[in-house]
Amino acid sequence: MIQLHGISLALGGQPILNNLSWAIKPGRRIGLIGANGAGKTTLLRLLSGRIEADEGKMARSGVTGYLAQDVQDTASKRTVIEEALAAFEELDVLLQKEQALTQALETYSMPPPRLLDALERVNAELSAHEQHMARPRTEAVLLGLGFETDDFDRPLDTLSGGYRMRVILAQILLRKADVLLLDEPTNHLDIISIDWLENYLKDYAGTVVLVSHDRYFLNRMVTTIAHLRRGKIAEYAGNYDYFLQERAKRRELEQAAYVNQQREIAQAERFIERFRYKNTKARQVQSRIKQLEKMTRLLPPESEGAQIKIRFPVPRQPGRIILKMSSFSKQYCVPEGIPVLVFKNAGPLVIERGDKIALIGKNGAGKSTLSRILNGTEDFEGVRTVGYNVDAGFFAQHQAETLATHHTVLESLQEAVEGQPEGSLRTLLGAFLFTGDDVFKPVQVLSGGEKNRLALARTLAEGANFLILDEPTNHLDIQSIQVLIEALKQYKGSFVAVSHDRHFLDQVANTIWHVGEGRVRVYGGTYSEYQWHITRGSGSQAQPETRKPLPPQRKPARSGGPKTKEQKRREAEARNKAYRAACSGHADTATLTAHQRKKQVADTEAAIEALEGRLASLEALLNDATLYSDPARALGTSQEYGQVKAELQTLYGRWEKLAQDP
């Protein structure tokens with residue numbers, strides 16, 4: 001547990017924390033949020049003991065693990081596995097003690113009891129720490145964070161900053177600290193690794209405090225939101241979406257309280273001004289003056305933020321086909337001369353007008369390579385055909401670094417879209433959170449997130465009807481990502497977006513392209529639908545955030561009252577008939593004709609719909625406590641539930657096979 005009382009801290013003369021009191025209770029998973037510059041990273045450094053407060057007290061118990069947002073370069077010559085195993089340094093000390101005690105005992109013909117007792121205590125500690133599981137646990141965590149077994153023996157100093165961060169994160173997780181302080185832990189992680197980290201942290205026994213701009217991660221991971229604002233913490237018992245709803249309610253109350261207080265102040269000041277020089281009112285005037293002096297003045301609530309209303313140049317209408325890719329292959333040659341295969345006979349791929357495509361996959365799978373191939377700036381084996389009237393725009397992963405630093409924000413946008421009136425450009429910049437005099441800031445003084453917003457504004461304002469966006473959400477906070485989401489929702493063209501931000505993808509994409517193992521797999525629907533499709537295929541019962549399963553699930557129609565035995569019998573016969581129809585026919589779905597496949601899909605979807613309705617009814621029965629007053633009925637219901645669930649799994653597998661086969 002960590003207890004803060006009356007903490008104040010200023011950096012460079014700027015107050016960051018102001019008389020902050022906060023109790024971090026054991027077992028919580030806390031999302032620490034706030035505007036850029038609010039002091040989130042500073043607070044984590046304070047909690048970790050890296051810095052000290054100017055005023056106040058902090059009480060802390062247990063072991064704390066801290067992951068900084070930026071990993072410093074290291075000259076360590078240790079390998080990946082050696083660095084991760086450093087989490088078990090206390091085991092090394094115990095093993096050395098065990099070895100020393102064993103050697104000492106060998107010198108005695110009759111071992112002294114004190115040495116035997118000491119060896120027993122050391123062995124007990126080793127057993128408690130599960131010493132034999134140290135390496136398997138380490139390898140499992142490294143694999144979960146995206147390493148391959150071939151990477152384990154690579155020297156740490158040969159890795160990129162992102163992968164060094166993963167090693168340090170693995171080390172912190174393996175230490176099993178009582179409190180984990182994680183500053184942007186999803187930075188540099190791909191979607192698969194983020195999913196793994198979510199599941200790992202959900203089962204973590206200790207307390208977790210994390211800063212993240214990944215809204216999807218916050219929604220699925222945290223149980224408490226700690227909002228840092230004006231140097232103080234306000235807690236909300238829920239995830240990020242709950243925070244937004246509750247924060248809106250609190251803001252209304254704050255606004256009402258502020259307006260009421262301003263009214264009281266104005267009334268008191270008018271009274272004082274009116275009767276200041278009247279002897280008969282002197283006592284009342286002094287009373288009002290003292291009342292105002294003692295009053296704690298409320299600050300006006302923070303604004304909701306700019307409402308995004310962007311008017312992009314209307315792109316010209318392209319043909320139905322935006323871009324076609326034949327079957328294609330791509331390989332690189334590393335410095336050692338060994339060819340690295342990225343794609344082999346991938347495709348063919350077609351992008352049609354109106355497609356909003358999310359390009360996902362592991363780091364290194366080839367997402368950025370494919371985006372450059374689509375843009376025509378990467379050589380490959382195959383044919384790329386651009387459709388009629390297609391005007392493409394490309395946002396590269398590091399495009400913000402290519403901005404001319406001597407330009408102001410406004411000049412940079414004027415350079416990208418010549419001839420546009422300054423008023424419309426300033427309106428567009430305002431939508432991307434450059435307001436007032438911000439448009440006159442030199443590019444060289446902008447933060448990474450501000451540069452990314454400017455580069456995105458330039459790309460979206462160029463009037464292209466087909467965009468390729470490679471990691472557009474890098475360095476953006478939650479508010480800036482929401483700006484981009486609203487911009488792309490209003491965009492009239494088509495796009496392909498590479499991103500690890502799942503909330504962003506879920507909001508803007510209607511098609512998912514998954515890159516991996518040299519192939520590109522195409523899934524229709526949102527990211528949540530794709531995720532549900534994948535988890536269901538692996539046997540998981542997880543449902544998507546949006547609860548929009550594939551195939552569609554309909555609610556059973558309401559009846560006027562309890563069903564009769566005859567109704568139940570007819571429904572059961574209909575379900576069995578649908579199940580038999582779905583499971584009959586060709587065992588090998590690859591040999592089906594188009595007509596047969598269409599019929600099989602329809603039969604399977606009908607059977608799934610019927611069984612899902614029955615499963616929901618059975619779940620409601622099993623959750624009814626009165627059912628268990630009749631043991632025979634309860635047993636029969638439970639058995640039917642298991643049978644229906646098994647039949648559903650069979651149908652799910654068959655539906656996926658029918659959907660995936662060519």
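Biologist: Which residue does Glu352 meet in a salt bridge?
Modeller: Arg320. The two side chains meet at 3.1 Å, N to O. Keep in mind that this is a predicted model.

Biologist: Where do Glu352 and Arg320 sit in the chain?
Modeller: Glu352 is in strand 13, residues 349–352. Arg320 is in the loop between helix 10 (282–294) and strand 10 (321–325). They are 32 residues apart, and the pair links distant parts of the chain.

Biologist: And Arg320, buried or exposed?
Modeller: Exposed, with a relative accessible area of 52%.

Biologist: How many salt bridges does the structure hold?
Modeller: It holds 22. One of them pairs Arg215 with Asp241, at 3.1 Å from N to O.

Biologist: Why does Arg215 count as buried?
Modeller: Because its relative accessibility is 16%, and buried means under 20%. Asp241 has a relative accessible area of 30%, so it is partly exposed.

Biologist: What about Lys441, which residue does it form a salt bridge with?
Modeller: Asp438. The closest N and O atoms are 3.9 Å apart. The cut-off for a salt bridge is 4 Å, so the pair counts. Lys441 is partly exposed at 30% relative accessibility. Asp438 is partly exposed too, with 24%.

Biologist: Which residues do salt bridges with shared partners join into one network?
Modeller: Asp195, Glu198, Asp214, Arg220 and Arg502.

Biologist: New topic. How many cavities of 30 Å³ or more does a search of the whole structure find?
Modeller: One. About 40 Å³ of space lies in the largest cavity.

Biologist: Which residues line the largest cavity?
Modeller: His213, Arg215, Ile478, Ile481, Gln482, Asp501 and His503. Arg215 is the residue that also meets Asp241 in a salt bridge.

Biologist: Which helix gives the largest share of that lining?
Modeller: Helix 15, residues 478–490, with three residues.

Biologist: What is the lining of the largest cavity by class?
Modeller: Two nonpolar, three polar and two charged residues.

Biologist: Which residues is Ser371 in contact with, leaving aside neighbours within four places in sequence?
Modeller: Leu359, Phe394, Ile468, Asp470 and Val498.

Biologist: Last one. Where is Ala140 placed?
Modeller: In helix 5, residues 134–144. Ala140 counts as partly exposed, at 44% relative accessibility.

Biologist: What separates the C-alpha atoms of Ala140 and Ala170?
Modeller: A distance of 9.7 Å. Along the chain, Ala140 and Ala170 are 30 residues apart.

Methods:
Residues numbered from 1 in each chain as written. Predicted model: local features only at pLDDT ≥ 70, side-chain atom pairs only at ≥ 80, totals over all residues. Heavy atoms only, no water. Contact = heavy atoms within 4.5 Å. Helix = DSSP H or I, 4+ residues; strand = E, 2+ residues; numbered from the N terminus. Buried < 20%, exposed > 50% of the residue type's maximum accessible area, 1.4 Å probe, protein only. 1 Å grid on protein atoms, 1.4 Å probe; cavity = no way out; pocket = protein on both sides within 12 Å on 5 of 7 lines; lining within 4 Å. Points joined across faces, edges and corners; volume = space filled by probe spheres on them. Nonpolar A, V, L, I, M, F, W, Y, C, P; charged D, E, K, R; others polar.
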